[in-house]
Amino acid sequence: MDTTKLLRLLVSTWNVGGVQPSRELDLDDWLQTKETSYDIYVLGFQEIVPLSAKNVIGPEKSSVATRWNSLIGSTLNRRNQCFHCIASKQMVGILVSVWVRDDLIQHLRHPSVSSIGCGIMGFLGNKGSVSVRFLLHKTSFCFICCHLASGGRRGDEMQRNSHAMEILSRTSFTKTCSSTSSPQKILDHDRVILLGDLNYRISLPESETRLLVQQKEWNVLLEKDQLRTEAAAGGAFEGWQEGNILFSPTYKYYPNSDEYYGCVHGKKHEKRRAPAWCDRILWYGKGVKLNRYERCEARLSDHRAVRAILTVEVESTK
């Protein structure tokens, strides 16, 4: 007889702008380890290394991913907690790291990763996705960490749509003996969650965007949010779900500052960057309940991290 269990997940995406973490970087607030503990942590990063030609074409700098994972592990495993990293995969600047509570490990099978490059020449890894899938009890999970095409010019959203469609169509996982329990394509999984710097902007003049941000007119801005308008028009992410956005745009800040880029007078020769909700978390299908959707306030880079607290249904045999 099957029963339904409820698991609590913390899912977060963070574009760290090529800034390497110091050994003293405090992750307690981001991972909420002083407040509570979750069953699964899914942490996605973009730009863990600068997206230079050397980093895109040359050998991977795994030492940076190792440092992030070390910090995450030491943060999660304080206070008599025990979590295991069941998957960690880097592609250039994208890193996904999945941590599972100790007592769930025995019920986890078929972990697999798939990386899709959509960047330079259509296949290099400066843009694209790293996805992780596994089977927990009788429920299949798929997490997709993305970094889509950048650019604030009119029409750049079409390239983001194209990247999203490529990721969904090209991502494929290793086939196992029991093919019914370990799907190969993203949308064939029972629980599907996508996170990342999707780079969608706000389709308004820069000055108007800045004024509305100052006034905290989120609903007016979200009517012109490209992700929402493209999803409604069927351009990309049609049928996906997202929580209500009740927080300030997460891009673009001066590093170590609460000032949006371009707001400081006297700084010449800066590229103008209107604020935008670039960093998002979406899910597809049933069995996922959103409890909280929020931004985090670590000032490490020009982005703020975004975090979703989810309750997820898992089918198990009694």
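1. A quick term first: a residue is called buried here if its relative accessible area is under 20%. By that cut-off, Trp 218 and Trp 277 are both buried. Keep in mind as you read on that this is a predicted model.

2. Staying with that tryptophan pair: the ring centres of Trp 218 and Trp 277 are 5.9 Å apart and the planes make an angle of 80°, so we have an edge-to-face arrangement. Trp 218 belongs to helix α6 (residues 218-222), while Trp 277 is in the loop between α7 (226-233) and β9 (279-284), so the pair ties together parts that are 59 residues apart in sequence. If you want to browse other ring pairs, a search of the whole structure turns up 17 aromatic pairs. There is also an aromatic cluster made of Trp 14, Trp 30, Phe 45 and Trp 68.

3. Now the sheet. Five strands make up an open sheet, ordered β5-β6-β7-β8-β9, with mixed pairing. The edges are β5 (108-117) and β9; each has a single partner strand, so one side of each has no neighbour in the sheet. On average, neighbouring strands of this sheet are turned by 15° against each other, direction ignored.

4. β7 deserves a look of its own. Strands β6 (residues 128-136) and β7 (residues 139-147) run antiparallel and are joined by nine bridges. With β8 (residues 191-197), β7 pairs in the parallel sense, over seven bridges. Cys 142 has Val 192 as its bridge partner in β8.

5. How covered is β7? Nine of its nine residues are buried. Thr 139, Phe 141, Phe 143, Cys 145 and His 147 point one way from the strand, Ser 140, Cys 142, Ile 144 and Cys 146 point the other way, and all are buried.

6. On to the packing. The largest nonpolar core has 46 residues, and Leu 9, Ile 40, Val 98 and Phe 134 have the most contacts inside it. Strand β11 (residues 306-317) gives the largest share of this core, five residues. Leu 9 is a handy place to start: leaving out residues up to four places away in sequence, it touches Tyr 38, Ile 40, Phe 143, Ile 193, Ala 308, Ile 309, Leu 310 and Val 312. Apart from this core lies another one, of 25 residues, with Leu 10, Val 16, Tyr 38 and Ala 305 among them.

7. A few backbone spots I would check by eye. Asn 199 has a positive phi, near 70°, though it is not a glycine. Asn 199 lies in the loop between β8 and α5 (206-214) and is buried, with a relative accessible area of 3%. Lys 216 also has a positive phi, near 55°, in a residue other than glycine. Lys 216 is in the loop between α5 and α6, and is exposed at a relative accessible area of 56%.

8. The peptide bond from Tyr 251 to Lys 252 is cis, with omega near 0°. This lysine is in the loop between α7 and β9, and its charged end sits over the ring of Tyr 261, 4.7 Å from the centre. There is another charge over a ring at Arg 160, where the charged end sits over Tyr 200, 5.7 Å from the ring centre.

9. Last, Gln 20, in the loop between β1 (2-15) and α1 (28-31). Is Gln 20 buried, exposed or partly exposed? Gln 20 is partly exposed, with a relative accessible area of 41%. Setting aside neighbours within four places in sequence, Gln 20 is in contact with Val 64 and Arg 67. Gln 20 and Val 49 are 29 residues apart in sequence, and their C-alpha atoms are 7.4 Å apart in space.

Conventions: Residues are numbered from 1 along each chain as its sequence is written. This is a predicted model: local features need pLDDT of at least 70, side-chain atom pairs count only at pLDDT 80 or more; totals for chains, interfaces and linings use all residues. Side-chain values use heavy atoms; hydrogens and water are left out. A nonpolar core is a set of buried Ala, Val, Leu, Ile, Met, Phe, Trp, Tyr and Cys residues joined through side-chain atoms within 4.5 Å. Buried means under 20% relative accessible area, exposed over 50%, partly exposed in between (1.4 Å probe, protein chains only). Helices (H or I, at least four residues) and strands (E, at least two) are DSSP runs, numbered from the N terminus. Contact means heavy atoms within 4.5 Å. Rings of Phe, Tyr and Trp (its six-membered ring) pair if their centres lie within 6.5 Å; planes under 30 degrees apart count as stacked, over 60 as edge-to-face and the rest as tilted. A charge sits over a ring if NZ of Lys or CZ of Arg is within 6 Å of the ring centre and within 35 degrees of the ring normal. Two strands pair if DSSP finds at least two bridges between them. Axes are lines fitted to C-alpha atoms, for helices over the stretch in contact, and angles run from 0 to 180 degrees between N-to-C directions.
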